[in-house]
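Here are some notes for a colleague opening this structure for the first time. They cover a helix pair, some salt bridges and a strand.

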Amino acid sequence: MAAEKRDKTEAVKTEAVKPRLEAELRELHLPTVRSSYEELARQAEAETLSYERYLLNLCDRECQDRRQRKIERLLRESSLPLEKTFETFDLKRLPTKVARQVQSLRAGDFVDRKENLLAFGKPGSGKTHLLCALAQDLVHQGRRVWFTTCSLLVQTLLAAKRDLKLSRVLKRLAGYEVMLIDDLGYVQQDRAEMEVLFTLLADRYERGSVWLTSNLPFSKWEAIFKDPMTTAAAIDRLVHHSVIVELNMPSYRLEHAKNAKEEEASAAPTGS
Ligand code: ADP
Ligand code: MG
């Protein structure tokens, strides 16, 4: 009887505590603790957990949710094409040397050393997909990554320069640990375009990792950077601390189209 009464007064006390507790959890920005504390308290009672254990379970949940929210935010701000992952990438297609390189790149420590990653190969060889998959892996490690095509980047920088905001934009971009510039060389840059691109590369030199994909080997980069001096300076900065991946493979699209055709041919009835 007495125990029942005590339980009842405890329950009344808990109810009185709730509004204050929830207000304070809101003030402390602990949304998961706020939404989970009651459920976990019931569980702790049922399993007679210690106070410390209960608090730990609650903190675990908050940390887990926070990590997940952070990854979601990083993925959103990365502008990465999210469907290009290792799940959808056939690693067996890669030459052994490249497969080994990719294996070690996935650890991500080359980004801490501010090393660059340059991927070369014919159109369709999988450069964009491979670097996007790697980049997404690194976002899942909590790293800040930004994906852009070269032509979009150049247009953004030109607009910023025109509005006298170039240094502000460069500063914002410096906040990304990885900048993935897709398809260097696809755009026919005129001088002004080449200059902003060069300014960006010079700005990032030894300060942040630059990842590039290009169909053009270095020997053809003068078409991008116009004069031999600037071309040499750009290549020099990019290559100084870098990993170079050569995807000397046939086009994935072409190969798939060919396979599909062959299958169709072998499936078709022969003779008349
Ligand atoms: P690149 O950037 O070298 O021109 P992409 O990465 O755009 O080539 O690849 C062309 C297409 O082929 C894309 O749809 C891509 O998803 C696909 N692809 C390329 N390589 C692979 C691979 N190893 N596994 C699965 N899909 C691939
Ligand atoms: Mg590409």
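1. A word on terms before the helices. An axis here is a line fitted to C-alpha atoms, for helices over the stretch in contact, and angles run from 0 to 180 degrees between N-to-C directions. Please keep in mind throughout that this is a predicted model.

2. Start with helices α2 and α3. Helix α2 covers residues 31-46 and helix α3 covers residues 51-78. Their axes come within 9 Å. They cross at roughly 145°. The crossing of α2 past α3 is right-handed.

3. Next, look at who meets whom in that pair. From α2 come P31, T32, V33, S36, Y37, E39, L40, A41 and A44. From α3 come Y54, N57, L58, R61, E62, D65 and R69. By type, the residues of this contact are 8 nonpolar, 3 polar and 5 charged.

4. Now the charged pairs. Side chains of opposite charge can pair when their charged atoms come close. The count of salt bridges in the model is 14. The next points take up some of them.

5. Find E77 and R144. Their side chains form a salt bridge, with N to O at 2.8 Å. E77 belongs to helix α3, while R144 sits in the loop between α6 (127-140) and β2 (145-149), so the bridge ties together parts 67 residues apart in sequence. E77 has a relative accessible area of 24%, so it counts as partly exposed. R144 is partly exposed as well, at 29%.

6. Turn to D137 and R106. This salt bridge has an N to O distance of 2.9 Å. It links distant parts of the chain: D137 is in helix α6, and R106 is in the loop between α4 (96-105) and α5 (109-112). The two residues are 31 apart. D137 is partly exposed, with 24% relative accessibility. R106 is partly exposed too, at 28%.

7. Then check R143 and D112. Their closest N and O atoms are 2.8 Å apart, in a salt bridge. R143 lies in the loop between α6 and β2, and D112 lies in helix α5. Again the partners are 31 residues apart and join distant parts of the chain. D112 is partly exposed, with a relative accessible area of 47%.

8. Some salt bridges share partners. In this way E62, R66 and R69 are joined into one network. Two of these names have already come up: E62 and R69 are among the α3 residues that meet α2.

9. Finish with strand β1, residues 116-121. How many of its residues are buried? The count is 6 of 6, so the strand is mostly covered by the under 20% cut-off. In a regular strand the side chains alternate between the two faces of the sheet. Here N116, L118 and F120 point one way, and L117, A119 and G121 point the other way. Both sets are buried.

10. Strand β1 has neighbours to trace. It runs parallel to β5 (residues 242-247), and 6 bridges join the two.

Definitions and conventions: Residues are numbered from 1 along each chain as its sequence is written. Chains are lettered from A and ligands numbered from 1 in the order in which they are written. This is a predicted model: local features need pLDDT of at least 70, side-chain atom pairs count only at pLDDT 80 or more; totals for chains, interfaces and linings use all residues. Side-chain values use heavy atoms; hydrogens and water are left out. Helices (H or I, at least four residues) and strands (E, at least two) are DSSP runs, numbered from the N terminus. A crossing is left-handed if the near helix is turned anticlockwise from the far one by less than a right angle, and right-handed if clockwise. Contact means heavy atoms within 4.5 Å. Ala, Val, Leu, Ile, Met, Phe, Trp, Tyr, Cys and Pro count as nonpolar, Asp, Glu, Lys and Arg as charged, and the others, Gly among them, as polar. A salt bridge is a side-chain nitrogen of Lys or Arg within 4 Å of a carboxyl oxygen of Asp or Glu. Buried means under 20% relative accessible area, exposed over 50%, partly exposed in between (1.4 Å probe, protein chains only). Two strands pair if DSSP finds at least two bridges between them.
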